[in-house]
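Subject: Structure handover

Dear colleague,

Here is the structure you were waiting for.

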Amino acid sequence: MQSTTDSLDFVTIEGLLAYGEQFARRPAIDGVSAPPAPASSNDRAARARQAMASIKDFVARARAGFPRADAYRSARQAVIDDACAGDPLVFFAAWNRLLAEGALHPLMRAPIGSVLKPTQRRPVAIVPRAQLTPQLADGRIVLDLGDDRFWLLPRELSGRTLLFTMRHGISRVESKTHRVGRRLANQLDVERGVPRADVVGAALARMVGVVGQQLDFLHLSNYLEPRGFLHFISRSPNTRQLFERVRAALARDPLPPTEAVYAPALESSDFGWITGVEKTVEVQELAAAFGVEVSTAKRLIKDPLYCYPGGNSFFDLYVDVIDGLHQLGAAHAGQAACLYTHSSTLRALMIYLDARPFHEAFTEFSDYKESQDNVVLLTFEKGHLSGYSTAVGLSERERASRDSWMAVERVRKDRVTLKPRQIKRIVALVSGGDFAGAGAALKELRVQAYRFGLEVHFVRHGFLGLANNWIEPVTEEDTRGMSSHASSPIGSSRFEDFKDELVQRAAVGHLAPFLEDAALVVLGGDGSFRGARAIYEGFGVQVVGIPGTIDNNLEGTISLGYHSAMALADQSIESLKATSAAMGSVFFVEVMGAGSGHLALACAYQARAEGLLVNEHPDPDAYIDEVILGTLKRTLGVPNKSHLFVVAERTPHRHHREGGVHGLVDYVAGAIGGWAQRHAKPGQYPLTLATKATILGHTLRGAPPTPEDKAIAQHLAYETVHRLVERPEDVVGCMMAYRERGAIDAIPLHAVSPKQFDWDLFARMHGTELRNGPP
Ligand SMILES: Nc1ncnc2c1ncn2[C@@H]1O[C@H](COP(=O)(O)OP(=O)(O)O)[C@@H](O)[C@H]1O
Ligand SMILES: O=P(O)(O)OC[C@H]1O[C@](O)(COP(=O)(O)O)[C@@H](O)[C@@H]1O
């Protein structure tokens, strides 16, 4: 299997210089402010070779980390100024030759200040229309995302910045066909661009509720006031033009004159001397300089680290945009701002918001087309950017995404090398947070594999074990008693280094004896499937996923471990309810699930808890004050009444920086202490009650498997082996999804998505599911 690094062998210093010098010498295109051409020089190639050492030092420094993006930028500039004596062509040649050697790739994982992707994100509160109850919507900002989905945010913006980021539409010089970038003063195309900008404006107006229609079904008005919006543009005139169209669309009544302010973070890529050049010409010239096919030359241009002659790379732009937007967010807390920018900026944002590492997300969004008009919605809060990308002009976008799904699916099938009845061996591992049911699945994999005469190997401790070559053959004896094993009998691991392509390569090397006629079964959650997908797509390992995570957060399937975790949680919750009822105490029970509240919701619903605080909630602080304190005010002191609240781990709130149950006890106890009903009156003595928190935490992951989990595990493993033998094309590169027995489907790994929070059940639990309240 070839990696992208191997495939850039054709890139030579001489070829790069021939190409760069040719464009640097050309007269600048109209409307382009090209960098000055450096003086002619005979020893550029030699100087470029020398400069490579300094660039390597720069990469080594980046690996150790830059505190902020400007430190990264000035270190890069220092290489141009010092090691390249200010000659951008020397830098261009040295940099891209190192890129071809694979020496720059560590940059994509370099810890550069705020640019580093967060390891955990709070899910944004997106609620389908059918589940949008007045109680959820009332008092909140409700953004209409189209497709009957709404994004909910606290109405109170203090400490939070709301950013609507959009691109300019269609301009005279189109970025579909030309390199445009920050050096070309581009205008909207009069015939197509201006109407397009109006569509973007109308979509934004609808989203923020200016049209006043979208929330009519709730009899609510929205709370955003476009008159107070800030507006930021880049230097290119088309962003100012878009601003003017959007401002007009947002105005119900004539708006007071608003000005747009220049923000450097909104600038597009710097294409240097290639600015304004047609993309076909660009790649043909590059191919000619190296004496290779156009399709080969494209590989260089498509690399995110490829630096344009006299300009920067996509990665440099990414650093500028992400850091710049963090700064913009921090500087305008409490306000909403519209950002008018370019497609490459939006692409950078989508990559940042995606959970995958930079290089994987970059590939995912490589098909991001200029014709897709996205609005990227962002919030900046407590130093973090989070958000969501939505589309305007939906039909075109839908068509594009369907086409790209089909293309990816074709690629998945093309990568299946196993033929029916060819498989000889199965290798299995468990990855990510452990879960009950893994043992039952492993045992059934072994049993079914033996029935077909296949060998079985297990890898200890997941991808970590793969990297360490902890692969062991499995006998019948080894799997005795495994089905009822709690947790994973062969271990599991979190192993962040597996995101590194070089580590994947080494790990796959250990699978070499298995590559021809074996499949790797990965039991785990969404992260594990990202790892599985990476080695399937990158190295051709024939993988199949079996879903296992107590979070149960994968769409289209029940995940192993969820039922067992719930059963174990239930025992503790019922004990706590009993003692709460006996003593009148207030209990908070924290269950796992920092990234998703499905387990917490299921536990709370079946235990008839008084309330549930989850990460998905649009406004946890309001929930604590209104629902938790509101309920207690009504029920405290009622004889034999229990007061139990389920809280999902790390749900953020203002009472403690770690969120979850931390800080809740003191806050709630303090509030209760102030209520008059809690104080003794002559002849009346209220129950003395305690307010306590219990963290169930990892006990749930090590739960003994319930019969249901064991049975699901066996069904999934049975189907995995049978289909790998009979119909590998249908399951390789897929996750086996369990709905019920007889309904096990294979979902391609590229299509695995997060499960939507069940707001309907949430509403039912609170008795708020009836839209207009009880009859
Ligand atoms: N993008 C990725 N590329 C390669 N490996 C990944 C990726 N994401 C996660 N992994 C691997 O999968 C492991 C488990 O992922 P994690 O998110 O911790 O758990 P889960 O699979 O339960 O969601 C990680 O520790 C890492 O080894
Ligand atoms: O044990 P860790 O590594 O702190 O992980 C905690 C996370 O693991 C889980 O228990 C399971 O999550 P995964 O399925 O993603 O591994 C989450 O509920 C929790 O947020």
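The notes below go from the whole chain to single residues.

This is a predicted model, in which local features need pLDDT of at least 70, side-chain atom pairs count only at pLDDT 80 or more, and totals for chains, interfaces and linings use all residues. Residues are numbered from 1 along each chain as its sequence is written, chains are lettered from A and ligands numbered from 1 in the order in which they are written, and side-chain values use heavy atoms, with hydrogens and water left out.

Whole chain

The protein chain holds 24 helices and 20 strands; helices (H or I, at least four residues) and strands (E, at least two) are DSSP runs, numbered from the N terminus. Along its principal axes, the C-alpha trace spans about 100 × 75 × 45 Å.

Of the 775 residues, 56% are buried. Buried means under 20% relative accessible area, exposed means over 50%, and partly exposed is in between (1.4 Å probe, protein chains only). The chain exposes about 31,700 Å², and carbon and sulfur atoms supply 51% of that area. Accessible areas come from the Shrake-Rupley method with a 1.4 Å probe; for residues, only the protein chains shown count as cover.

Contact means heavy atoms within 4.5 Å. Among contacts between residues at least 6 apart in sequence, 76% join residues at least 24 apart. As for charge, the mean positions of the 85 positive and 88 negative charges are 2 Å apart. Lys and Arg count as positive and Asp and Glu as negative, while His and the chain ends are not counted; the place of a charge is NZ of Lys, CZ of Arg, CG of Asp or CD of Glu.

Domains

The domain assignment gives domain 1 (4-103), domain 2 (158-270 + 312-411), domain 3 (417-561 + 705-753) and domain 4 (564-678 + 686-702). The bounds come from an automatic or database domain assignment. Between the C-alpha centres of domain 1 and domain 3 the distance is 44 Å.

Buried residues

Ser 431 sits in the loop between strand S10 (425-430) and helix H14 (438-451). Ser 431 counts as buried because its relative accessibility is 4%. Leaving out residues up to four places away in sequence, Ser 431 touches Phe 463, Ser 492, Ser 493, Leu 523, Gly 524, Gly 525 and Ser 528.

Ala 519 belongs to strand S13 (residues 518-524) and is buried, at 2% relative accessibility. Its C-alpha atom is 6.7 Å from that of Arg 425, 94 residues apart along the chain. Beyond its neighbours within four places in sequence, the contacts of Ala 519 include Arg 425, Ile 426, Val 427 and Leu 724.

Ala 94 lies in helix H4 (residues 88-101) and counts as buried at 0% relative accessibility. With neighbours within four places in sequence set aside, Ala 94 is in contact with Ala 48, Ala 51, Met 52 and Ile 55.

Ala 569, in helix H18 (residues 562-583), is also buried, at 0% relative accessibility. Apart from residues up to four places away in sequence, Ala 569 touches Cys 603, Leu 696 and Leu 700. The C-alpha atoms of Ala 569 and Ala 600, 31 residues apart along the chain, are separated by 9.4 Å.

Val 180 is in the loop between strand S4 (160-167) and helix H6 (193-208) and is buried at 10% relative accessibility. Its C-alpha atom is 8.6 Å from that of Ile 274, 94 residues apart along the chain.

Positive phi

Most residues other than glycine have a negative phi. Asn 469 has a positive phi, near 65 degrees, and lies in the loop between helix H15 (462-468) and strand S12 (471-473). Asn 469 is partly exposed, at 40% relative accessibility. Asn 640 has a positive phi of about 60 degrees and is found in the loop between helix H20 (620-635) and strand S17 (643-648). With a relative accessible area of 63%, Asn 640 is exposed.

Regards
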